[in-house]
Protein chains: 6
Amino acid sequence: MTDSPGAESRFGMTELGDLPEDLRERVGAIAAKSGFVPNIFRALGHRPAELRAFLDYHDALMDPPSAATPAGPSPSGGSSPNAGSSPSGGSSPSGPSGNGPSSSGLSKAERELVVVATSAANHCLYCIVAHGAILRIRSKDPQIADRVAANPWQADLTDRSRAIVDLALALTRSPELFGDGDIAKARDAGLTDDEIWDVGAITALFAASNRLAHLTALQPNEEFYLMGRTPRA
Amino acid sequence: MTDSPGAESRFGMTELGDLPEDLRERVGAIAAKSGFVPNIFRALGHRPAELRAFLDYHDALMDPPSAATPAGPSPSGGSSPNAGSSPSGGSSPSGPSGNGPSSSGLSKAERELVVVATSAANHCLYCIVAHGAILRIRSKDPQIADRVAANPWQADLTDRSRAIVDLALALTRSPELFGDGDIAKARDAGLTDDEIWDVGAITALFAASNRLAHLTALQPNEEFYLMGRTPRA
Amino acid sequence: MTDSPGAESRFGMTELGDLPEDLRERVGAIAAKSGFVPNIFRALGHRPAELRAFLDYHDALMDPPSAATPAGPSPSGGSSPNAGSSPSGGSSPSGPSGNGPSSSGLSKAERELVVVATSAANHCLYCIVAHGAILRIRSKDPQIADRVAANPWQADLTDRSRAIVDLALALTRSPELFGDGDIAKARDAGLTDDEIWDVGAITALFAASNRLAHLTALQPNEEFYLMGRTPRA
Amino acid sequence: MTDSPGAESRFGMTELGDLPEDLRERVGAIAAKSGFVPNIFRALGHRPAELRAFLDYHDALMDPPSAATPAGPSPSGGSSPNAGSSPSGGSSPSGPSGNGPSSSGLSKAERELVVVATSAANHCLYCIVAHGAILRIRSKDPQIADRVAANPWQADLTDRSRAIVDLALALTRSPELFGDGDIAKARDAGLTDDEIWDVGAITALFAASNRLAHLTALQPNEEFYLMGRTPRA
Amino acid sequence: MTDSPGAESRFGMTELGDLPEDLRERVGAIAAKSGFVPNIFRALGHRPAELRAFLDYHDALMDPPSAATPAGPSPSGGSSPNAGSSPSGGSSPSGPSGNGPSSSGLSKAERELVVVATSAANHCLYCIVAHGAILRIRSKDPQIADRVAANPWQADLTDRSRAIVDLALALTRSPELFGDGDIAKARDAGLTDDEIWDVGAITALFAASNRLAHLTALQPNEEFYLMGRTPRA
Amino acid sequence: MTDSPGAESRFGMTELGDLPEDLRERVGAIAAKSGFVPNIFRALGHRPAELRAFLDYHDALMDPPSAATPAGPSPSGGSSPNAGSSPSGGSSPSGPSGNGPSSSGLSKAERELVVVATSAANHCLYCIVAHGAILRIRSKDPQIADRVAANPWQADLTDRSRAIVDLALALTRSPELFGDGDIAKARDAGLTDDEIWDVGAITALFAASNRLAHLTALQPNEEFYLMGRTPRA
């Protein structure tokens, strides 16, 4: 007997070939790029209408046209990440805030930072591991995901990243206390209303996503554990 | 100076005429039936892709083809509630579980019960008031929404309704503790795996919805406060 | 089987005719005005000495001579509300703070606001519904009770009402943290020491009242659910 | 500068001579027996109607005619403790449950046990110290108050005392979760419905009392700290 | 049957004579001075290596060479308290901060204050009673331990003592929230970095010690309950 | 500006060469084996007596003579891990419980499992990352640390591992609730009293260790992040 999880999901998995055609194509494209089918799609696949809406919501927030688009797999959506448009190397390595044109809203790395912070506060294994992998890749920082996952409240971050994470956390565990003060702090840190919306909406989407993963006791694909941990050659 | 809220939403409202055509039609149909545009659509309208995904997700869970469809407005979605198919008066008064054919999963009243319970635990004004109205209508019980909203943990319910609410609550505030024991209790109470999924997924969707309402400080339309409080002639 | 509560109280009810004479007269006067006997009196009636002390404490705080006295029933006390002395129609609708002469301490509407806020934080069905009704009547605002009950921490209120509610909430769930800072904030908002005492003492009384209702699983009278929801002609 | 509290109460003290005559007599009788005026009376004295109701409520629950009446001062009420009727010394020291005739409901020591447990959970200095003193005297156990005050959840008690304390704690900090299961556990431990009511009602009264003490930052009289710590000759 | 604890520790006790020689001498010296063997040593005695490390850690923090050394027993360590070097009677009674040369870091009374505050927040009976006794002795204040034990968050203390206790509490129950702000507040109150370290390290050590006592359900020696409650002649 | 932490510890670091000779040798041996000096030793080094006691306590619990001793670095102690005695490859990969002779108490992997679980519940970055690395090595499971760190309450483990983790968690965040029931559950799962002590004492030690890391904002050495993530050739 081992400590490895016995099942990937409490309610069974739907394989790629058993999805309706539009979803098969959409998830297939992600799998082709990632090299594997992220388990979340297999766990939601028996409810195609829900999976479709989930993917649409995810793409609208995590892969919007306005955000910079570095290459990389998508753990729970990202059906159109336009691999190849990756920014050709900022000269200095940087945190999430350095990724993508900050003038056009949250960078993709910052969006993943919101996901990892809120998933950490909700103790969601799948989302921490899968989106932690993407955060490592998009931020080019192999340690940031572990640092935020261990303690999102006090992880040492840039002022902008801290403001983003604080806003997400304020909405995550005690949303009834969220108020004008939280908005004011975010604005004081330089976040635009559009960025505040993005942080709040991503937090909301992953409040749902985290709970779907808890409902299904969803296990991350093995591949996610190692992605982005070593600098690419 | 009054205690009335000064604004309906923190980030402004988008009126029906300013929505893209597909959303204008979809939300317009709801407004036609309800007699007003539920504020959630106006608050999300400036992000059409998000609103579209939200509506799709909502309809997949709250208005699925398999659930019974009594007449009534839809507070945050429900673009195709097929008004008119309302069950022609059960002879005995009943709780949510009595509404619709129980053999085909959760009734629509039971789905609203999940929404009110999880929104109560999250202290979400908009969702409590708007979905409380629908719950009153669908359950034909003018008090159940206030009772569940005041104390979802101990509201006096039928065994089946209690099992549904307990399952939702287990996933709402401390999702990291959700486990096999919660699933087992739901099964012991007679819930099928499909119904357990529905309860969990609706809880997840409104974990998101509640947080969007907190993010925007969304106010319920006045109409919702009174709907379903008096027996229809 | 229905979701309606099967019993009004866990420990039985004492009817008006079975009360000692002084209590029969006192509760009878309330019933005459309200049109029904509020269930709290029936639930406490088998312990006349406790009911008598409870009524005395209630009247001292909720119906003091110094507070304005609009007409209306009394959900859990109010044996001498002097019906008829109702203020002759303020022209502009207003919040609790507008009710009664603010120079002489908390208005009666403000006192009910404290009750609804603390009962909401304690998830007390009876007190939310019964005192929510009175709050609607005394504030002439048909929505304020639902707004405060759903989320007392963030309900949109006037500055004075917010200060009152914040003071009550500080003492409700974590009284060990109550300190000089809470007093200072209340004073900064313009509350006098007498008003601070009133807020604190009402919060204390309903900390007791809420627990008596939880102890007995007390159900509100049906009449309370609808009172004050529509403007009087 | 010292760590001694600078003031006995946040809102001033009313001395015995400044109370209305009935209260002066009533509190005076307590002071005569105790040798000092318990500070709670001085702190509430500027609101005679509230103090009167508080005393009545206290006496109804803490000094009912049916409970055994050993000698001893009364920290926050007890205007008629009938000193002299003290049971003539059981040979073996015993817990609260051994004090007084168990057939007629909670003993006075058990009533004080409820007060100390609920006040400990609420971190109320005045009530822990004042009622801890009475508990020591009534139980003839010089350590029980410190043990319960330090950790009411796990203090080592007889089964009956544990059931009493567990019932009180269930209602103290999360009253919204109080339910049939708590009642059933108390009954299984042999408590009668009358005793369950007493535990619940005392817990409720001290939910109020604890908050009045927090509101006023009330300091215990010095005398209480030492009372009952050494066996009487 | 009584409410007295039936056993002193869940895992048995090791008597002085059964300890390895070095521990027998070390604990024996404490016992000689105190007049009894503090139960913590008997409870840990079956694991000599752990007891040895615990004593070393304790002495390093609670009895450092730099701190003032009044006479008195040591409840859970203190193998070399240099009895006799007691300060020759400060003329004015004072709080913990007045004990010992403040220029050389925390006084011994202040160290005990940290222990009582953190043990109170952790509801640890043994540590509250045993270290409460030492705190009374070292601070020459017979009430401070009961005041801090009842409510460490709001006990009325000098500014310096309050800063010390607040720092300890910040690290006790929600250590993941401990941050630069807590450090800044301590510095603003005049604590040196060395003192901040001491407060933090003592809090950490008693986070362990409290849990060992909870693990073993450790009972305090009877002697501790009364020590320091009356002024010495 | 980056999201990388600016400092390794809030109170400075002491380098190997600046330690007293005994500690220099002891920590030096660990560094020689690991290839680096774990930051915890550098952060505690300015207080040699405390570091010495900490190392002794750590070694007594984490590297006791009775436990199996596979090779591997020691993140916060482990001055005598007898590298080389590593068990020569169990053929089947297994959980912590499979590591070392279970007849002689907790295996070393199980001891690290306790550390990771309690550190996860306390959100301690240093301990999660450093001991997560050791857990991966000792359990030969590259994912177990991430799974337990993300959600110790529901991580999918063997029954024995689950009992160990549940016992640790019961003592970690709400130690005042720890009671006979927790002990009984551990015994029912087959843990001996000696093993229960080990789990409890390790939990206690890391309650201290986690808080020292929070006090100092201690950063893990970079090396720990990657250790044990890939199977050794």
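In the predicted model, the contact between chain A and chain B draws 42 residues from chain A and 42 residues from chain B. Together the two chains bury about 3900 Å², with 65% of this area on carbon and sulfur atoms. On the side of chain A, the greatest losses of area to chain B fall on A:Tyr57, A:Trp197 and A:Arg211, which together make up 22% of what that side buries. Polar and charged pairs also span the interface of chain A and chain B: 16 residue pairs are in polar contact, and eight salt bridges are found. One of the salt bridges joins the side chains of A:Glu176 and B:Arg173, with an N to O distance of 2.9 Å. The elements of chain A that give two or more residues to the side touching chain B are α2 (39-44), α3 (48-62), α7 (159-172), α8 (180-188) and α9 (193-216). Of these, α9(A) gives the most, with 16 residues. By residue class, the side of chain A that touches chain B divides into 22 nonpolar, nine polar and 11 charged residues. A network of salt bridges links A:Arg47 and A:Glu50 with B:Arg111, B:Asp194 and B:Asp198.

Superposition of chain A on chain B gives an RMSD of 0.0 Å, by a turn of 180 degrees and a shift of 0.0 Å along the axis. The two copies are thus related as by a two-fold rotation axis. Of the interface residues of chain A, 100% are also interface residues in chain B, so the copies meet through the same surface.

Chain A contains 10 helices and zero strands, and along the sequence its pattern reads α-α-α-α-α-α-α-α-α-α. Chain A has 233 residues, 65% of which count as buried. Among contacts in chain A with a separation of 6 or more, 73% are between residues 24 or more positions apart.

Over all chains, the whole structure holds 120 salt bridges. One of them pairs C:Asp180 with D:Arg10, the closest N and O atoms lying 3.0 Å apart. This pair crosses between chains, since C:Asp180 belongs to helix α8 (residues 180-188) of chain C, whereas D:Arg10 belongs to the segment before α1 (21-34) of chain D. C:Asp180 is exposed, at 56% relative accessibility.

Within chain D, D:Asp22 forms a salt bridge with D:Arg52, at 2.7 Å between the closest N and O atoms. The pair links helix α1 to helix α3 (residues 48-62) of chain D, the two residues being 30 residues apart. D:Asp22 is partly exposed, with a relative accessible area of 37%, and D:Arg52 is likewise partly exposed, at 28%. A further salt bridge joins D:Glu110 and D:Arg160, the closest N and O atoms being 2.7 Å apart. D:Glu110 is in helix α4 (residues 108-121) and D:Arg160 in helix α7 (residues 159-172) of chain D, so the pair ties together parts 50 residues apart in sequence. D:Glu110 is buried at 1% relative accessibility, and D:Arg160 is buried at 18%, a value that falls under the 20% limit for buried residues.

Buried positions also occur in other chains. E:Ser161, in helix α7 (residues 159-172) of chain E, is buried with a relative accessible area of 0%. The side chain of E:Ser161 makes a polar contact of 3.1 Å with the side chain of E:Thr158. F:Phe54, in helix α3 (residues 48-62) of chain F, is buried at 1% relative accessibility. F:Phe54 and F:Thr118 are separated by 64 residues in sequence and by 18 Å in space, C-alpha to C-alpha.

Methods: Residues are numbered from 1 along each chain as its sequence is written. Chains are lettered from A and ligands numbered from 1 in the order in which they are written. This is a predicted model: local features need pLDDT of at least 70, side-chain atom pairs count only at pLDDT 80 or more; totals for chains, interfaces and linings use all residues. Side-chain values use heavy atoms; hydrogens and water are left out. Helices (H or I, at least four residues) and strands (E, at least two) are DSSP runs, numbered from the N terminus. Buried means under 20% relative accessible area, exposed over 50%, partly exposed in between (1.4 Å probe, protein chains only). A polar contact is a pair of N or O atoms within 3.5 Å; within protein, one must be able to donate a hydrogen and the other to accept it, and residues adjacent in sequence count only if both atoms are side-chain atoms. Contact means heavy atoms within 4.5 Å. Buried area is the accessible area (1.4 Å probe) that two parts lose on being put together, summed over both. A salt bridge is a side-chain nitrogen of Lys or Arg within 4 Å of a carboxyl oxygen of Asp or Glu. Ala, Val, Leu, Ile, Met, Phe, Trp, Tyr, Cys and Pro count as nonpolar, Asp, Glu, Lys and Arg as charged, and the others, Gly among them, as polar. Copies are superposed by least squares on the C-alpha atoms of residues with pLDDT of at least 70 in both.
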